[in-house]
Amino acid sequence: MNRFGPAARILFVLLLVIGLEAQGSRPLLAQSSARPQPSEPSKALTLPEAAEFALQNNPRVKAALSGREIMDAQVRESQSGWWPLLQFSETFTRSNNPVFVFGSLLEQSRFGPQNFAVDSLNSPDPLNNFRTAINLKWAVFDQMQSSARVAQARIGQEQADYQKEMVKQHLRLEVIRAYYGVILARQRKEVTDEAVKMGEADRKRITDFFQSGLVVQSDLLAAEVQLAEFRQQQAQASGDLITAHAYLNAVLGTPIHTPQDIAEQLRDRQFPVAETDELIRQALQHRPDYSRAGSSLRATEEGVRGAKGNYLPRIDVFSSYGISGKDLTSGSSDYAIGAGVTLNVFDFSRSASLDKARAAQAAAAAEQEHLANQIRLEVIQAYQDYVSAGERLNVAAQTVAQAQETLRIVQDRYREGLTTITEVLRAETAFLRTRLNLITTRYDYYIGYARVLMATGRLTDVTPFVS
């Protein structure tokens, strides 16, 4: 008998037990490692955060920034007219043209007595000419064309800044609409959920009464119809909530299905607003589009100045230095310097250009005045919509209180047998309608104030809406 037999069997059993335990523990380890870690609760999105995020990610803001970069480049391009133009050229020509051969030999300093022969002059052999040249051109006075273009380009920079500010204010208005639109949709969903629960409780209670013979079947059918209407409004509110979230994501420049947690509520607020005359004065002072129209008018004035410059002389200076040779390693150098004054004695296009520039100036002035009238109208409309929303909000709040008290009275009378189920259902429907109207009117009041700020050019931040 092998003396290692019992020990070997014991060792084998121990290894088998350890292996089974290890094998059994693997699923537990795998399960524990695959178990998702508890995620931190998402932080609620505030209105200032939403506005800042939209300003950083919305494509329209990026396009406005690109517009400023374009105008910066245009300023540098216009300023190039003030600087000289330096050119380098290297040309090679091979020809037997008598004039070319004669002149090239002189340029190369290789002209000799033998070249005066008649045959050589009339029928020369082909000649190679390598010409290396550096040319300098400078318009000392270019009839004020460069200065006019630079001034217009700098005005274009101002217009780009105004355009960027206008885009930002429009974007803030959209953020306010989208942000509070989500809150509006969520609160409407909550109200319809409560209405459905109330309708289900009515149906259950009336069903019990019907089975006990205390009410007729028409009462049960009426409760069923009202519950169906409440569920339809609930389904509509659910869809509106999804759409509101999608609209907010579109404004923020995020993927359309990104979840956004908003903890705020539409509460009763009071926003201070001046009278219309003061609002119009503020609008004409702060509106970016009106300032942009003023810049456009100044740009046309520079255009008129540039058109008048065509009646002035043009002064240019130039210089050149070159080397001509039969190959790239040899040659003779020469230089030239000079200046020129050019005056267009008769140029019929000058008067046409001046007339066109003056017409553009008149059109810009008319557009600015038209925009001023439009701004006055927009301010009045925004102010009246805001005042109307405030008045409707007061009436809506009173109506909700009245509808709630009416529902309580009707329900008490119904329990005492003094009225019909039809009156109860009508009171419940009216109560739901007034609650939804109150939420919507409160949203209109918020947006009305935002439109007043937008109409006056003062929607520079969203802090007035932060409680």
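Where does Q143 lie? Q143 lies in the loop between strand 2 and helix 6 (145-211). Here are notes on that loop and its surroundings.

1. Basis. This is a predicted model, in which local features need pLDDT of at least 70, side-chain atom pairs count only at pLDDT 80 or more, and totals for chains, interfaces and linings use all residues. Residues are numbered from 1 along each chain as its sequence is written, and side-chain values use heavy atoms, with hydrogens and water left out.

2. Four strands form an open sheet in the order 1-2-3-4, with antiparallel pairing. Strand 1 and strand 4 stand at the edges, each with a single partner strand, so one side of each has no neighbour in the sheet. On average, neighbouring strands are turned by 20 degrees against each other, direction ignored. Strands (E, at least two residues) and helices (H or I, at least four) are DSSP runs, numbered from the N terminus. Two strands pair if DSSP finds at least two bridges between them.

3. Bridges. Strand 1 and strand 2 pair over 11 bridges. Here S89 has A133 in strand 2 as its bridge partner. Strand 2 and strand 3 also pair over 11 bridges. In strand 3, S324 is the partner of R131, and S319 is the partner of L136.

4. The helix across the sheet. Helix 4 (residues 98-107) lies across strand 1, strand 2, strand 3 and strand 4. Helix 4 runs at about 75 degrees to strand 2. Axes are lines fitted to C-alpha atoms, for helices over the stretch in contact (heavy atoms within 4.5 Å). Angles run from 0 to 180 degrees between N-to-C directions.

5. The nonpolar patch. L86, F88, I134, L136, Y321, I323, Y335 and I337 make a nonpolar surface patch of about 880 Å². Patch residues have over 30% relative accessible area and no salt bridge, and nonpolar side chains are joined within 5 Å. A salt bridge is a side-chain nitrogen of Lys or Arg within 4 Å of a carboxyl oxygen of Asp or Glu. Areas come from the Shrake-Rupley method with a 1.4 Å probe. Strands 1, 2, 3 and 4 each supply at least two residues of the patch. Y321 lies in strand 3 and is partly exposed, at 41%.

6. Most residues other than glycine have a negative phi. Phi of S109 is near 60 degrees, and phi of Q143 is near 65 degrees. S109 sits in the loop between helix 4 and helix 5 (118-122). Buried or exposed? S109 is exposed, at 53% relative accessible area, and Q143 is buried, at 10%. Buried means under 20%, exposed over 50%, partly exposed in between (1.4 Å probe, protein chains only).

How values were computed
Patch = residues over 30% accessible without salt bridge, like charges linked within 9 Å, V, L, I, M, F, W, Y side chains within 5 Å.
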